[in-house]
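Welcome! Take a look at the model first, then try each task before reading on.

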Amino acid sequence: MAMQVAERLYTQGTFANYPTWGTLGAQVNNPTWGSYVQRLLADGYQKPRSGTDVGDHPPVTPLRSATEDMLGNDAWRLYEYICTHFIGTVSPDCKYVR
């Protein structure tokens with residue numbers, strides 16, 4: 001089911017695709033994480049660490065902002081995962097106090 005939803009996000013709505021660096025700015029107005037993205041852009045975002053190329057395609061990346069109302073529950077849950085994962089890859093390392 002997740003693959004069907006992902007394909008629909010990719011083909012019908014152009015909400016997700018493969019990465020381009022302009023995609024972070026597309027999330028600035030998102031009501032859920034837009035303020036965090038604004039701070040990332042203002043403070044400077046991190047270049048993702050290089051990984052090991054095993055020959056598969058790059059990770060799916062959000063292309064434009066969407067809300068749950070626009071996508072529906074199942075598509076929103078997958079889209080939210082795609083977005084938060086992408087934003088996490090360009091965010092500073094997490095710091096916590098124990």
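**Exercise 1.** How do the axes of α1 and α4 cross, and within what distance do they come?

*Solution.* Keep in mind that this is a predicted model. Start with the distance: the two axes, of α1 and α4, come within 10 Å. Next, take the angle, which is roughly 75°. Angles of 65 to 115 degrees count as roughly perpendicular, so α1 and α4 are roughly perpendicular to each other.

**Exercise 2.** Which residues make the contact of α1 with α4?

*Solution.* On the α1 side, find Ala2, Val5, Ala6, Arg8 and Leu9. Facing them from α4 are Asp74, Ala75, Leu78, Tyr79 and Ile82. Now sort these residues by type: 8 are nonpolar, 2 are charged and none is polar.

**Exercise 3.** Find the largest nonpolar core and say which element gives the most to it.

*Solution.* Begin with the general idea: nonpolar side chains in soluble globular proteins tend to be buried together. Here the largest nonpolar core has 17 residues. Those with the most contacts inside it include Leu9, Trp33 and Ile87. Two or more core residues come from each of α1 (2-11), α2 (34-43) and α4 (73-89). The most come from α4, which gives 7.

**Exercise 4.** Describe the order of elements in the protein, and what share of its residues is buried.

*Solution.* First count the elements: there are 4 helices and 2 strands. Reading from the N terminus, they run α-β-α-β-α-α. Finally, of the 98 residues, 28% are buried.

How values were computed. Residues numbered from 1 in each chain as written. Predicted model: local features only at pLDDT ≥ 70, side-chain atom pairs only at ≥ 80, totals over all residues. Heavy atoms only, no water. Buried < 20%, exposed > 50% of the residue type's maximum accessible area, 1.4 Å probe, protein only. Core = buried A, V, L, I, M, F, W, Y, C linked by side-chain atoms within 4.5 Å. Axes fitted to C-alpha atoms, helices over the stretch in contact; angles between N-to-C directions. Parallel < 35°, antiparallel > 145°, perpendicular 65-115°, else oblique. Contact = heavy atoms within 4.5 Å. Nonpolar A, V, L, I, M, F, W, Y, C, P; charged D, E, K, R; others polar.
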